[in-house]
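Please open the structure in your viewer and keep the sequence beside it.

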Amino acid sequence: MTSPAPRTLVVRLDSAGDVLLAGPAVRAVAAGSSHTALLCGPLGAQAAGLLPGVDEVLVYDAPWVGIEPAPVTRGATRELLNTLSAGRFDRALVLVSYHQSPLPAALLLKLAGVGWTAADSEDYPGALLDLRHHRLPHRHEAQAALDLAQDAGFALPPGDDGTLRISPPPDTAHLTGPGPYVVLHPGAAVPARAWSPARAARAAAALCAEGYRVVVTGGRAERDLTAEVAGHHALDLGGATDLHQLAGVLAGARVAVVGNTGPAHLAAAVGTPVASLFAPVVPAERWGPYGVPHVLLGDQSAPCAGSRARRCPSPGHPCLDGIGDAEVIAAVAALGDRTGAGAGAEADRPAVPGGVSETERGARA
């Protein structure tokens, strides 16, 4: 007699980008589960709702996660335990980044009665983990999460290539207008991972001068930034989209020019090539655009490399602000085509031989 498929909980408590990178692992879990819930933080909730395979989104503001962690309170902890207990989950996977510990979440899962829990953990877990997994060296975050799911007994369904995906985005032509365009997303939650506003504005002007139609995107809190970057040259959509609408804008773009932040992974999830403004405060091999053609821009051997700094420790932010306009234009040309430069002819996007086509520009190996 075949055992019923389990009710499974996936935990990913960080930001929207982290949740998007968990997508392939979530789909593997969903393929082998009768019900799949995703426990995420407030910043990841919108992204969680876009992932195929998620039946239920649970939100918890964990006090061990984020730039400004929530306080530890008995009330919030008790509420979470009650929610998890009511979910009657048979199994759980705790997904964390290479530098994080899954053990605070694993403890709460055990207290809530979850019978079996798996996670990557370098720390001794005692009785908290039923599968203590060790990620392979130099593994991308998306692949590391999928490795854990597969070793926990969850395989991707036939035909699933393991790339990032979301539910189909809406048509956003009413926002972007007709004709080809390039998206420039200048902001990031971590300032070290973004251009300075003046540098982003110069890049937007340079792309427009080259003949590209540029659409500048950003959240509601970034309206001043996007207005400065767009200037009189580009279309400013700052604050005009929620995450799903932003996915639609990115899906329609020839190329997205964006830092190491959530919209880079959202672009990958809709198949748009990425000119990645990648500050080396975290390694590109773990956090770069996944599964789409991309060009890595930025000095990967800068003094801040591997520091996980939130603000650039070097005057002038040289690893990103030192990228020349010619490098940006060359990256956009290599990834897309010149339809934004007036010809208007359609062209296919670059193929992805063997999964990912990557070119590095402005990076010192």
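**First stop: a buried leucine**

Select L320, which is found in helix α13 (residues 318-321). Helices (H or I, at least four residues) and strands (E, at least two) are DSSP runs, numbered from the N terminus. The model is a predicted one, in which local features need pLDDT of at least 70 and side-chain atom pairs count only at pLDDT 80 or more, while totals for chains, interfaces and linings use all residues. Residues are numbered from 1 along each chain as its sequence is written, and side-chain values use heavy atoms, with hydrogens and water left out.

Is L320 buried or exposed? With a relative accessible area of 0%, L320 is buried (buried means under 20% relative accessible area, exposed over 50%, partly exposed in between, with a 1.4 Å probe and protein chains only). Now display the contacts of L320 (heavy atoms within 4.5 Å). Leaving aside residues up to four places away in sequence, L320 touches A192, R193, A194, W195, L277, F278, A279, L297 and G298. One of these, L297, is 23 residues from L320 in sequence, and their C-alpha atoms are 7.7 Å apart in space.

**Second stop: the sheet**

Next, select the strands of the open six-stranded sheet, whose order is β3-β2-β1-β4-β5-β6, with parallel pairing. Two strands pair if DSSP finds at least two bridges between them. Strands of a sheet pair through backbone hydrogen bonds, either parallel or antiparallel. At the edges stand β3 (56-59) and β6 (131-133); each has a single partner strand, so one side of each lacks a neighbour in the sheet. On average, neighbouring strands are turned by 15° against each other, direction ignored. Axes are lines fitted to C-alpha atoms, for helices over the stretch in contact, and angles run from 0 to 180 degrees between N-to-C directions.

Move to strand β2 (residues 35-40): six of its six residues are buried, so β2 is largely enclosed by the rest of the structure. H35, A37 and L39 point one way from β2, whereas T36, L38 and C40 point the other way. Six bridges pair β2 with β1 in the parallel sense, and T8 has T36 as its partner in β2. Four bridges pair β2 with β3, also in the parallel sense; there, A37 is partnered by E56.

Select strands β4 (residues 91-94) and β5 (residues 116-120), which run parallel and are joined by four bridges. In β5, A118 is the bridge partner of L93, and T117 is that of A92. Helix α5 (residues 103-111) packs on the sheet, where it touches β1 (7-12), β4 and β5, and its direction makes about 175° with that of β5. Four of the five residues of β5 are buried, so this strand is largely enclosed by the rest of the structure.

Finally, select R12, V94, L95, V96, D120, R135, E141, A144, A145 and L148, which line the largest cavity. On a 1 Å grid over the protein atoms alone, a cavity is a set of points where a 1.4 Å probe fits but cannot get out, and lining residues have an atom within 4 Å of a point. About 50 Å³ of space lies in this cavity, a volume being the space filled by probe spheres set on the points, which are joined across faces, edges and corners. Which helix gives the most to the lining? Helix α6 (residues 141-151) does, with four residues.

Conventions: 1 Å grid on protein atoms, 1.4 Å probe; cavity = no way out; pocket = protein on both sides within 12 Å on 5 of 7 lines; lining within 4 Å.
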